[in-house]
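Please find below a short note on the model shown here.

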Amino acid sequence: MQSTGKPTINDVARLSGVSKKTVSRVINRSPLLNADTRARVEKVIADLGYVPNVQARALALRRNFLLGLIHDNPNAQMVMNVQAGILESIRDTEFELIVRPIDRGSSTMIADVRNFLERQRLYGVLILPPVSENEQLADLCRELGIRYVRMGSTMLDTPEHMVASNDSDVVTEAVNHLIALGHRRIGLIAGPHGFRSARERRKGFEAALAAADIKLPRSLIADGTYTFESGLAAADRLLDLSPRPTAIFASNDEMAAAAMHAARRRGMSIPEDLSIIGFDDTAIASHIWPPLTTVHWPIISMGRSAALKLLAEFFGDDQGVEEPSLFPSTLIHRASVAPPREG
């Protein structure tokens, strides 16, 4: 007996000869289906005039079709690149992205995030550094039953909950490059205190110097906060030294660009008088002159993979950990590095 009401997902499954789960995969544009099955189910959907009820499906999931991005990060370009990766993953799906900045120094941070998660009923959340290093946030997600992925400069969690880069190793490679060219007085513009990325990058810097038996005076380390202004002040401190460094590694591109600016104000040539290496490979690295040698951080790929991890169960991926968790960064050679001047 044919139903006189609106067609249901059960009708689509029966007429297609597949399970409801397979129909859901078609509706949600899961990449896990073969083309023939997808075409057959889509034809039945079109013939029946079946329209999925998003609200009903959200009630069944007990979650909205929303992914959250939680951050407290001064690097706007980094946040935008993560967003680009997430949006690429949820394109052509019913999922949307909500971006929520928080204050990691606030005494109410955990309560604020709890309120946000409970109010929005998110399907999953990506937590950016440095707040991704806060175990209480991960515990909160587990308590509320919300899927989560953390991003960091080293592995902080199990693979299904993590996308990480190899900051320490790649910075060692970058500083080794300077050492191989003959540099011995190498300054560091460090990242902000409390950031794991800053610690990992400093660790890689110090490891390279130690392996080459190069002493690192405290005066050759200047603290920054990942902003242009802090990089300018840090570079001025380093360039006021006598003798001054012949090379500087800056913990992100903003501060590397600031170091270039500080050197130019003093009439110095780059790379003849000062070699500079940054980290991130943001647009500024290739737009300034000379173009900046820097570490390419695959942040868009990390954002894309994090979103796919969050949606693995929704798409019917029973393995759940097929997406990579470690994303190696690479040194990009440009024109801001050269051997030091003789004498």
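1. Helix α10 (residues 228-239) and helix α11 (residues 253-265) have axes that come within 7 Å and cross at roughly 50°. Axes here are lines fitted to C-alpha atoms, for helices over the stretch in contact, with angles from 0 to 180 degrees between N-to-C directions. That angle makes α10 oblique to α11 (under 35 degrees is roughly parallel, over 145 roughly antiparallel, 65 to 115 roughly perpendicular, the rest oblique). The residues of this contact (heavy atoms within 4.5 Å) divide into 10 nonpolar, 3 polar and 3 charged.

2. The model is predicted: local features need pLDDT of at least 70 and side-chain atom pairs pLDDT 80 or more, while totals for chains, interfaces and linings use all residues. Residues are numbered from 1 along each chain as its sequence is written, and side-chain values use heavy atoms, without hydrogens and water.

3. An open sheet is formed by 6 strands in the order β2-β1-β3-β4-β5-β11, with parallel pairing (two strands pair if DSSP finds at least two bridges between them). Its edge strands are β2 (96-101) and β11 (326-327). Strand β1 (residues 66-71) is joined to β2 by 6 bridges.

4. Helix α5 packs on the sheet, touching β1, β2, β3 (124-127) and β4 (147-152), and its direction makes about 165° with that of β1. Asn81 has its place in α5 (residues 76-90) and is buried, with a relative accessible area of 17% (buried means under 20%, exposed over 50%, partly exposed in between, with a 1.4 Å probe and protein chains only). Asn81 touches Ile299 and Ile300, not counting residues up to four places away in sequence.

Technical notes
Helix = DSSP H or I, 4+ residues; strand = E, 2+ residues; numbered from the N terminus. Nonpolar A, V, L, I, M, F, W, Y, C, P; charged D, E, K, R; others polar.
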